[in-house]
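Here is a short note to read beside the model. Keep the 3D view open and find each place as you go.

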Amino acid sequence: MSAHGTAYVPKSGLAKWFESRLPLVGLVHSSFVSFPVPRNLNYFWTFGAILIMMLGVQIATGIWLAMHYDPSANAAFNSVEHIMRDVNYGWLLRYMHANGASMFFVAVYIHIFRGLYYGSYKAPREVLYILGVIIYLLMMATAFLGYTLPWGQMSYWGATVITNILAAIPIVGDTIQSLLWGGYSVGSPTLNRFFSLHYLLPFMIVGVVVLHVWALHVTGQNNPTGIPIKSGKDVVAFTPYATIKDVFAAAVFMIFFAYWIFYQPNYLGHADNYVPANPGVTPKHIVPEWYFLPFYAILRAVPDKLGGVILMFGAVLILAFAPWLDTSRVRSSNYRPIYRQFFWLFVIVCIILGWLGAKPPEGGYVIASQICTAYYFAHFLLVMPLVGLFETPNRLPGSILESVTGPGKQVDSGSGMPVGAAAAPPSKG
Amino acid sequence: MKTTRVLAASLMALGLSLTAAKAADGHSPNPPRENWSFAGVFGKFDKAQLQRGFQVYREVCANCHSMTLVRFRNLAEPGGPGFTAAQVKALAAEYKVSELNDNGEQVERPARPADAWPSPFPNEKAAAAANGGKAPPDFSVLAKARTYERGFPLFVVDAMPFVGYSEQGVDYIHALLNGYEDPPAGTEVPAGANYNKYYDGHLIAMAKPLSDGQVTYAKGENGEPVVPETVDQYSRDVSAFMAWAAEPHLEARKALGFRVILFLIVLSGLLYYVKKKVWADVGGEVHGLQPELHKAG
Ligand code: HEM
């Protein structure tokens with residue numbers, strides 16, 4: 001790995017012995033201690049650390065829940081209630097895990113929109129960004145699988161609706177469906193499979209997160225100006241500067257998280273999921289968790305099942321093409337007066353889609369969903385390429401340092417990097 | 001800190017979209033919102049009310065509704081109706097449960113505190129058969145399994161601290177028990193069905209279960225009733241009891257939450273000052289989302 005900042009120097013004999021065989025400590029040191037971080041990052045850049053914390057929370061609480069959970073159709077519902085009632089602090093574990101999934105998505109959505117606003121997906125960070133889209137896809141799969149586990153009415157009918165959707169995929173659809181079902185409909189074998197996969201996917205997420213951080217290590221972080229690091233004065237060392245900021249932001253996020261756990265633990269869920277799964281009774285409205293609602297609206301915007309499926313998956317996959325669809329030379333929307341307005345319009349359209357996803361698919365709601373779906377895709381296919389070509393960006397600051405201190409001014413203290421460090425920060429792009 | 005404000009605003013916006021999940025339509029009127037002792041940040045159950053509610057359940061509802069996830073011992077646990085261990089033991093002994101003996105024969109024995117509340121019917125089919133084809137739902141989590149939609153913008157307010165609202169299910173049950181009335185002219189009520197203002201679709205298989213004076217509450221020290229023996233009071237008490245049955249650790253949850261959040265606020269405050277101190281030697285305020293500032297440069 002390239003040597004950013006002050007390299008790690010093993011001191012004890014044992015440390016030297018180990019480092020010359022596996023430079024693990026050096027790798028961690030260069031990624032999280034001496035790694036040069038743009039000094040102008042705002043709090044939107046703390047959500048990466050918050051996401052890692054939430055992944056940890058989900059895995060820790062999930063493993064604990066799995067010790068008491070019984071993945072069979074007859075016992076699943078009651079085993080979750082057993083956790084809630086009889087396991088010491090089981091209610092806390094379960095409410096942390098259920099609300100943790102929601103908080104994970106709150107954080108990931110802020111993280112994604114941060115990247116879209118500041119052009120973090122543009123060269124040289126395409127691979128870093130696409131790995132992020134893969135993590136997002138895996139998160140969606142994990143959360144969907146997890147939501148079936150308590151085996152309430154929404155679990156059962158949500159699983160039924162989604163597996164039926166997958167059957168619409170040409171050629172392989174039916175095979176996928178019967179593989180997931182393990183029978184002729186959603187039932188106990190399905191629940192067993194879903195539990196197994198729900199346990200597996202988070203660890204795959206961990207793997208992709210490692211790649212994501214590795215790619216970040218190579219390209220360095222983007223920053224609110226979107227201009228590359230030019231000298232050691234543009235950066236500070238990851239530790240202590242970014243570390244303390246991330247820890248502070250994570251603590252504030254924990255307050256937000258704790259509020260849901262302790263005071264509104266069921267607000268983000270559905271009352272129907274406290275009714276045990278019943279194949280004979282279809283709930284009046286089958287609605288997914290809030291974080292899927294925009295995609296659910298897109299799915300139902302077209303009357304054709306296959307068309308809906310294509311659009312829904314397309315809506316996620318199109319994110320991966322943003323690096324090539326955006327033609328602007330300038331990364332950050334701070335300097336893109338026209339694109340900036342389209343960006344906020346896009347955010348509003350996504351929120352409206354979320355609202356529409358919760359409405360029954362009838363009348364005006366369908367028409368509104370169609371308009372918003374069209375705009376969603378137009379943002380990527382028209383706005384991104386065209387605005388980039390025609391817009392005149394504002395003048396960029398000469399350097400990150402200048403954006404912080406104002407032009408021409410010098411800071412006496414200089415860089416937050418240790419002396420002699422960060423001589424060659426990454427400056428690709 | 002402008003960034004913080006932008007952050008707060010985006011969290012709010014997200015909150016807006018995430019609660020949209022609640023939207024749905026319904027023809028029944030919204031249940032009136034009642035005052036519950038266990039609502040809010042400092043909410044606690046009223047033990048006397050839970051005891052009365054338990055009495056209503058036991059004497060009336062338990063003839064039809066099971067409550068399989070509640071055990072006798074739960075009635076003596078902290079945060080509940082506050083019966084003593086001896087009271088619960090005596091209560092359990094009044095009920096019979098069946099078990100296999102060493103010879104493999106099904107025998108009856110008096111219930112113990114560790115036993116689950118005995119169900120009135122052997123299985124769901126029997127329960128439905130005895131009730132005109134509709135099985136009375138189990139009470140264990142029923143108060144969490146019912147809700148009603150408040151629509152925009154109230155659902156946003158409902159999520160917020162201090163003005164929040166999470167007792168929709170309890171209010172619905174209270175309203176349902178008071179919602180029996182004569183059907184409007186022209187509404188046909190088939191045999192076995194009953195008209196209820198708050199039930200979805202109005203035709204419910206459960207006949208009006210409560211009437212004034214039906215349950216005799218223990219008298220106060222002066223020999224006077226402590227609370228009125230009316231349908232409204234019974235339904236309040238039994239709804240509160242059902243809220244406890246559905247969420248037996250509610251008090252512990254809210255009390256722990258207060259301490260956790262207080263701790264996190266203090267921790268965040270300290271971390272903020274550490275952060276400020278660490279960054280002080282770097283100089284320069286950190287800005288985000290402030291194009292004007294950069295344009296001026
Ligand atoms: C990417 C991280 C994860 C996400 C987003 C996630 C999401 C979810 C969701 C949404 C539920 C349903 C919650 C409910 O309404 O009750 C759930 C349940 C569950 N999850 Fe996870 N989960 C994650 C990781 C894990 C891991 C690593 C395990 C370990 C085996 C696990 C084990 C369980 C179990 C046993 C349940 C059923 C208990 C319950 O419903 O509360 N989860 N998960």
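This is a predicted model: local features need pLDDT of at least 70, side-chain atom pairs count only at pLDDT 80 or more; totals for chains, interfaces and linings use all residues.

1. The iron site. Start with the iron atom of the ligand. Which residues coordinate it? They are A:His97 and A:His198, each through its NE2 atom, at 1.9 Å. These two histidines come from distant parts of the chain: they are 101 residues apart. A:His97 sits in helix α5 (residues 90–117) of chain A, and A:His198 sits in helix α9 (residues 188–219) of chain A.

2. Geometry at the iron. The iron atom of the ligand has 6 donor atoms around it, and the angles they subtend run from 87 to 179°, so the arrangement is octahedral. For six octahedral donors, the ideal angles are 90 or 180 degrees.

3. Two packed helices are described by the angle between their axes and the distance between the axes. Take helix α14 (residues 337–357) and helix α15 (residues 364–390) of chain A: the angle is about 155°, and the axes are 10 Å apart. An angle over 145 degrees counts as roughly antiparallel, so α14(A) is roughly antiparallel to α15(A). Their crossing is left-handed. On the α14(A) side, the contact residues include A:Phe342, A:Phe346, A:Leu353 and A:Trp355. On the α15(A) side, A:Tyr365, A:Tyr376, A:Phe380 and A:Val387 are among them. By class, this contact of α14(A) with α15(A) has 21 nonpolar residues, 3 polar residues and no charged ones.

4. A right-handed pair in chain B. Now look at helix α7 (residues 168–177) and helix α8 (residues 231–246) of chain B. Their axes come within 9 Å and cross at roughly 150°. That makes α7(B) roughly antiparallel to α8(B). Is the crossing left-handed or right-handed? α7(B) passes α8(B) in a right-handed crossing. From α7(B), the contact uses B:Val170, B:Ile173, B:His174 and B:Leu177. From α8(B), the contact residues include B:Asp232, B:Arg236 and B:Met242. The contact of α7(B) with α8(B) divides into 8 nonpolar, 3 polar and 2 charged residues.

5. A perpendicular pair in chain A. Helix α7 (residues 153–166) and helix α12 (residues 305–317) of chain A cross at roughly 100°, and their axes come within 9 Å. α7(A) and α12(A) are therefore roughly perpendicular to each other. A:Asn164, A:Ile165 and A:Leu166 of α7(A) meet A:Lys305, A:Val309, A:Met312 and A:Phe313 of α12(A). Here the classes are 5 nonpolar, 1 polar and 1 charged.

6. Two cis peptide bonds. Most peptide bonds are trans. The bond from A:Ala123 to A:Pro124 is cis, with omega near 5°. A:Pro124 lies in the loop between α5 and α6 (126–148) of chain A. In chain B, a cis peptide bond joins B:Phe152 and B:Pro153, with omega about 0°. B:Pro153 is in the loop between α5 (142–145) and α6 (154–157) of chain B.

7. A positive phi. Most residues other than glycine have a negative phi. A:Ile171 is not a glycine, yet its phi is positive, about 65°. Where is A:Ile171? Look in the loop between α7 and α8 (173–181) of chain A.

Definitions and conventions
Residues are numbered from 1 along each chain as its sequence is written. Chains are lettered from A and ligands numbered from 1 in the order in which they are written. Side-chain values use heavy atoms; hydrogens and water are left out. Axes are lines fitted to C-alpha atoms, for helices over the stretch in contact, and angles run from 0 to 180 degrees between N-to-C directions. Helices (H or I, at least four residues) and strands (E, at least two) are DSSP runs, numbered from the N terminus. Angles under 35 degrees count as roughly parallel, over 145 as roughly antiparallel, 65 to 115 as roughly perpendicular and the rest as oblique. A crossing is left-handed if the near helix is turned anticlockwise from the far one by less than a right angle, and right-handed if clockwise. Contact means heavy atoms within 4.5 Å. Ala, Val, Leu, Ile, Met, Phe, Trp, Tyr, Cys and Pro count as nonpolar, Asp, Glu, Lys and Arg as charged, and the others, Gly among them, as polar. Donors are N, O and S atoms within 2.8 Å of the metal (3.2 Å for Na, K and Ca); water is not among the atoms, so sites may look incomplete. Four donors count as tetrahedral if all angles lie between 85 and 135 degrees; four count as square planar and six as octahedral if opposite donors are over 155 degrees apart and all others between 65 and 115; anything else is irregular.
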